[in-house]
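Subject: Structure handover

Hello,

Here is the structure you will be taking over. My notes on what was found in it follow below.

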Amino acid sequence: MSSLSATIQGVFNEPGCGKNTNKSEAERKKGCTKQLQPGGAAGGCAFDGAKIALQPLTDVAHLVHGPIACEGNSWDNRGARSSGSNIWRTGFTTDINETDVVFGGEKRLFKAIREIIEKYDPPAVFVYQTCVPAMIGDDINAVCKAAREKFGKPVIPINSPGFVGPKNLGNKLAGEAILDHVIGTEEPDYTTPYDINIIGEYNLSGELWQVKPLLDELGIRILSCLSGDGKYREVAYSHRARAAMMVCSKAMINVARKMEERYGIPFFEGSFYGIGDTSDSLREISRLLVERGAPDELLGRTEALIAREEARAWAAIEPYKPRFKGKKVLLITGGVKSWSVVAALQEAGLELVGTSVKKSTREDKEKIKELMGQDAHMIEDMTPREMYKMLKDARADIMLSGGRSQFVALKAAMPWLDINQERHHAYMGYVGMVELVRQIDKALYNPIWEQVRRAAPWDDASQSWQARAIAQMDAEAATLAADPERAEAVRRARKICNCKSVDLGTIEDAIAAHGLTMVESVREHTEASGGCGACTERIEGVIASLSAKMKPAALVAAE
């Protein structure tokens, strides 16, 4: 575990991370340190994050070393698509039991690797470490090395047991494993001046295939995609690309940055959601390739393609704009590209009443302000009750969110559209933008909503559970508005850290009393963020809010 701890420390010290950009080297290391504490990892554990990041590699056998529940919970939980092999959708697990806990599970793991290679003959086997074998001391690095020497196949250890942290840490640990064991181990049959890598793209619902024809027309080759519809060998020779596009910096910024350091591959962060962002990304890809030696005429061909595709997309969207006039959207994406989806919705003529920024960086928030104005309603953490009231008060006509929030919209009898990882429609690129508009229109004008909003003839609408819930919320709001002291007490009592049951007032008092500027310092004084770490961003927000009010001279980092 010592080597794992060192890897985690190195991942946290990430100068490419948006939140770390303005920190000193010492603050980066200190501010991102989290306790390696077994227990809760709310919102997905590190193992889950690693599996999500790599499972879309389609010809790899993904073997989970642990109890069968770990494989069951992580299998096929994203709607990725494959154009080739489907072995990635086969669940492999060692299914360790009580005997393995006592005597160790390394022999069982070796036998599982041998069985996979003999039956399926994949180009590589990825072995994922989970909590139980990690805690009993199974050395998957040694087992993978022995299997690699015995069978002559790449057997890659993915050291990301769930207890080390949340899902996003697992994304980055998966990236570290790819950097250490895969990238640079093979050579492509040939290279061209038009070769690019796409990093942090998972081909959800086949979205990558909506953009690939555009790149193909320009002669731009996706040398490797990490990891949507990707193949092991493509990742192994991805170090020969001329440029890279980072789609999800929250997940794999470490991969893009280190490939730039090691192999000189420049990258940029872009998006293929919305007409404007798709055009900007195509321009930037072409610009980087020209800088790396591609012919200058690529820029002209790119502009011609953009002009043609934009004209088609705008023409396809135009009939929907009158139908969207005055329609308001509540956007709860759960992802880090809220600003990109905001831009796409505004292009369609929709009004945004609020957007989630729970996982957004400071740069993401600034982009949202540019799009929605400085008074943009950015939601850090909205409770289901608050979502319900916003919808029921008709402050929004439709909610776009992940599957977990759909029931709030259904209770409010309001249209809802899945915009997150489980979605069944692809929204990337120009054709994806048209599809997004079409699906929003279908949801908004579905006749079922008029029917479900009608009260049954025998019911008294004023006595329905919805009416009573709204009346109760309105009464509570009126009471707080009339009593500022109680309103302040309620605000301070809001739980920030659920694992340690630490409220906002406790954290604010500690920050004010000790001049705290780091999450780690807040943890030392209050124990907040000492559990799963999911509240870290909320604490950072509290620190930033108080820092703006306090005199700079009073802000001294606590040791």
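A residue is called buried here if its relative accessible area is under 20%, exposed if over 50%, and partly exposed in between, with a 1.4 Å probe and protein chains only. By that rule F272 is buried, because its relative accessibility is 3%.

Before the rest, two notes on the source. The model is predicted, so local features need pLDDT of at least 70 and side-chain atom pairs count only at pLDDT 80 or more, while totals for chains, interfaces and linings use all residues. Residues are numbered from 1 along each chain as its sequence is written, and side-chain values use heavy atoms, with hydrogens and water left out.

Overall picture

The protein has 559 residues, of which 50% count as buried. It contains 26 helices and 15 strands; these are DSSP runs numbered from the N terminus, with helices being H or I of at least four residues and strands E of at least two. A contact means heavy atoms within 4.5 Å. Among contacts between residues at least 6 apart in sequence, 70% join residues at least 24 apart. The protein exposes about 24700 Å², and carbon and sulfur atoms supply 52% of that area (Shrake-Rupley method, 1.4 Å probe; for residues, only the protein chains shown count as cover).

Around F272

F272 sits in the loop between β8 (267–269) and α13 (275–291). Which residues is F272 in contact with, leaving aside its neighbours within four places in sequence? They are V211, M245, T278, S281, L282, I285, Y427, M428 and G429. As for Y427, its C-alpha is 8.7 Å from that of F272, although the two are 155 residues apart in sequence.

Strand β1

Strand β1 (residues 61–65) is largely enclosed by the rest of the structure, because five of its five residues are buried. A61, L63 and H65 point one way from β1, while H62 and V64 point the other way. Two strands pair if DSSP finds at least two bridges between them. β1 runs parallel to β3, with five bridges joining them, and H65 has Q129 of β3 as its bridge partner. β1 also runs parallel to β2, through two bridges; there, V64 is partnered with T93.

Aromatic rings

A pair of aromatic rings is described by the distance of the centres and the angle of the planes. Rings of Phe, Tyr and Trp (its six-membered ring) pair if their centres lie within 6.5 Å; planes under 30 degrees apart count as stacked, over 60 as edge-to-face and the rest as tilted. The whole structure holds five aromatic pairs.

One of them is F92 with Y120, edge-to-face at 5.2 Å centre to centre and 80° between the planes. F92 lies in strand β2 (residues 92–93) and Y120 in helix α6 (residues 106–120), so this pair ties together parts 28 residues apart in sequence. F92 is buried at 8% relative accessibility, whereas Y120 is partly exposed at 43%.

F126 and Y232 also form an edge-to-face pair, at 6.3 Å centre to centre and 70° between the planes. Since F126 lies in strand β3 (residues 125–129) and Y232 in helix α11 (residues 232–236), the pair ties together parts that are 106 residues apart in sequence. Both F126 and Y232 are buried.

Regards
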